[in-house]
Amino acid sequence: MDKFMQAAIDEAQKGLDEGGIPIGSVIVYQNKIIGRGHNRRVQSGSPILHGEMDAFENAGRQSAQVYRQCTLYTTLSPCSMCSGAILLYEIPKIVIGENQTFMGEEKVLRSKGVELSVLQDKSCIQMMQNFIAKSPELWNEDIGV
Ligand SMILES: [Zn+2]
């Protein structure tokens, strides 16, 4: 397992342990994690703190030059909101844990030149499947269904 994807999975697990939605993300610059986060919709009553957005938030303000050399790791295919942030800051590369339980805006990201790598990692898939089976209403709320 890639150590950065493992860090994103650890974040997702942390979210699950807090009673939240198990999606985690880390932002890597020059082989170092500069921001990590997990979905805080339940914990913070937040409509915007998806795992990726939380990682952006925790990375703090960065220059365009830094963003353009980052790789974002996320346990789940990024939704339209998170893909918007990825495009806004021109993150060039995204590593996605899985897109079987949810397909985000991968076509849009690819069409804008973002390099995507989808791992279809079994632990990511299992974590989301278990969560969706247990808390379908929380999951639907997260993706606006
Ligand atoms: Zn999102």
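**Salt bridges, then the metal**

I began with Arg68, which forms a salt bridge with Glu90; their closest N and O atoms are 3.2 Å apart. I noted that this model is predicted. The pair links distant parts of the chain, 22 residues apart. Arg68 sits in the loop between α4 and β3, and Glu90 in the loop between α5 and β4. Arg68 is partly exposed at 47% relative accessible area. Glu90 is also partly exposed, at 43%.

I then checked the count: the structure holds five salt bridges. One of them joins Glu11 and Arg36, with the closest N and O atoms 3.5 Å apart. Glu11 is in helix α1 and Arg36 in strand β2, 25 residues apart. Glu11 is buried, at 3%. Arg36 is partly exposed, at 35%. I also found that shared partners join Glu11, Lys14 and Arg36 into one network.

My next entry is Arg41 with Glu141, a salt bridge of 2.9 Å, N to O. Arg41 lies in helix α2 and Glu141 in helix α8, 100 residues apart. Arg41 has 16% relative accessibility, so it counts as buried, the limit being under 20%. Glu141 is partly exposed, at 42%.

Which residues coordinate the zinc ion? I found His50 (ND1), Cys79 (SG) and Cys82 (SG), at 2.0 to 2.3 Å. Their spacing in sequence is H-x28-C-x2-C. His50 lies in the loop between α2 and α3 and Cys82 in helix α5, so this pair ties together parts 32 residues apart in sequence. His50 is buried, at 9%. Cys82 is buried too, at 0%.

Methods
Residues are numbered from 1 along each chain as its sequence is written. This is a predicted model: local features need pLDDT of at least 70, side-chain atom pairs count only at pLDDT 80 or more; totals for chains, interfaces and linings use all residues. Side-chain values use heavy atoms; hydrogens and water are left out. Donors are N, O and S atoms within 2.8 Å of the metal (3.2 Å for Na, K and Ca); water is not among the atoms, so sites may look incomplete. Helices (H or I, at least four residues) and strands (E, at least two) are DSSP runs, numbered from the N terminus. Buried means under 20% relative accessible area, exposed over 50%, partly exposed in between (1.4 Å probe, protein chains only). A salt bridge is a side-chain nitrogen of Lys or Arg within 4 Å of a carboxyl oxygen of Asp or Glu.
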